[in-house]
Amino acid sequence: MATSPTFHVRGISESLGDGQFMIDAYDASLPQLASIGSGNQWGSTPFAGRSDTEEKIKVFMQAEQYQLTGEGPPVLIFIIEAEIPSAAVSELPSSVQVRQDADGRDLLPVGTMMLSKGLYPHYIEAFFNQEPVKKELDGTRDYIYLEGLITDFRTGIWRKGSGAALIDYARQFCREKGQKILYADAFSGNDRKLVQ
């Protein structure tokens, strides 16, 4: 069985169940994060049961609207899918969904990424008066911010390499949009392992 699938990146589509996929993928990461000492990154409460879940779903819907119409906050959400052999579909947990595209390929969502154009995440505001954040963000709008990236632990080997593929896609997206700066941030706990 191949362990390096072909990846396809597309925009968010609620008709494909992407909102639920994103919440489920985040929830699937919580035990993994706890097991490696990064449980404080997103906490232990599943996203599906949090008080801000409705707000997150609103962001998903706004991102789809922006993608389709160019109206609203300039936030884009992308889904990365692994092209998998038909024989592998029955080996997947029942909690994941595989779709078949117009060419008959079996595509498994394995990760997601959120990019914003000229906006920074709300949690950065607390650091805005500190260097180097203030120096970097003060007055500029010519950047793309990689606000979130997650791969789905439920998808096993099929997710391998999808995080790197999403970052490559973000870089290419910046080039296509004429943006020279791609910002991202990372959880600084757990001895800064994710930052490294």
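The following legends describe close-up views of a predicted model.

**View 1**
Helix H5 comprises residues 162-176. The buried residues of H5 are Ser162, Gly163, Ala165, Leu166, Ala170, Phe173 and Cys174. These buried residues pack against five strands: E1 (6-11), E2 (75-84), E4 (106-117), E5 (144-151) and E6 (182-184). After the helix comes glycine 178, which has a positive phi, near 70°.

**View 1. Strand E4 and its paired strands.**
Strand E4 is mostly covered, with 11 of its 12 residues buried. Strand E2 runs antiparallel to E4 and is joined to it by 10 bridges. Within this pairing, isoleucine 77 stands opposite methionine 114 of E4. Strand E5 is also antiparallel to E4, and seven bridges join the two. Here leucine 115 has leucine 146 in E5 as its bridge partner.

**View 2. The hairpin of strands E3 and E4.**
Strand E3 (residues 99-100) runs antiparallel to E4, and two bridges join them. Arginine 99 is placed opposite leucine 107 in E4. Five residues lie between the two strands of this hairpin. Glycine 104, in the turn, has a positive phi of about 80°.

The model contains seven aromatic pairs. One of them is formed by tyrosine 26 and tryptophan 42, whose ring centres are 5.0 Å apart, with 65° between the planes. The pair is edge-to-face, because an angle over 60 degrees places a pair in that class. Tyrosine 26 belongs to helix H1 (residues 18-35), whereas tryptophan 42 is in the loop between H1 and helix H2 (53-69), so the pair ties together parts that are 16 residues apart in sequence. Tyrosine 26 is buried because its relative accessible area, 16%, falls under the 20% limit. Tyr26 and Trp42 form one aromatic cluster together with Phe47.

**View 3. An aromatic pair between strand E2 and helix H5.**
The ring centres of phenylalanine 78 and phenylalanine 173 are 5.7 Å apart and the planes meet at 65°, so this pair is edge-to-face. Phenylalanine 78 lies in strand E2 and phenylalanine 173 in helix H5, so the pair links distant parts of the chain, 95 residues apart. Phenylalanine 78 counts as buried, with 7% relative accessibility. Phenylalanine 173 is likewise buried, with a relative accessible area of 8%.

**View 4. Two arginine side chains over aromatic rings.**
Arginine 50 lies over the face of phenylalanine 47, at 3.9 Å from the ring centre. In a second case, the charged end of arginine 159 sits over the ring of phenylalanine 153, 4.0 Å from its centre.

**View 5. Helix H2 and its buried face.**
The 17 residues of H2 should span 24 Å at 1.5 Å a residue, which agrees with the 24 Å between its end C-alpha atoms. The buried residues of the helix are Thr53, Phe60, Ala63, Glu64 and Tyr66. Seen down the axis of H2, these residues fall within an arc of 160°, so they line one face of the helix. An α-helix has 3.6 residues a turn, so residues three or four places apart point the same way. Glu54 and Met61 are exposed on the other side of H2. The cover over the buried residues of H2 includes H1, E2 and E4. Glycine 70, with a positive phi near 80°, follows the helix.

**View 6. Valine 59 and its contacts.**
Valine 59 lies in helix H2 and is partly exposed, with a relative accessible area of 24%. Leaving aside its neighbours within four places in sequence, valine 59 is in contact with Ile77 and Met114. Ile77 and Met114 are the residues that stand opposite each other in View 2. The C-alpha atoms of valine 59 and glutamate 136 are separated by 25 Å, and these two residues are 77 residues apart along the chain.

How values were computed: Residues are numbered from 1 along each chain as its sequence is written. Side-chain values use heavy atoms; hydrogens and water are left out. Helices (H or I, at least four residues) and strands (E, at least two) are DSSP runs, numbered from the N terminus. The expected span of a helix is 1.5 Å times one less than its number of residues. Buried means under 20% relative accessible area, exposed over 50%, partly exposed in between (1.4 Å probe, protein chains only). Contact means heavy atoms within 4.5 Å. Two strands pair if DSSP finds at least two bridges between them. Rings of Phe, Tyr and Trp (its six-membered ring) pair if their centres lie within 6.5 Å; planes under 30 degrees apart count as stacked, over 60 as edge-to-face and the rest as tilted. A charge sits over a ring if NZ of Lys or CZ of Arg is within 6 Å of the ring centre and within 35 degrees of the ring normal. The arc is that of the directions from the helix axis to the C-beta atoms.
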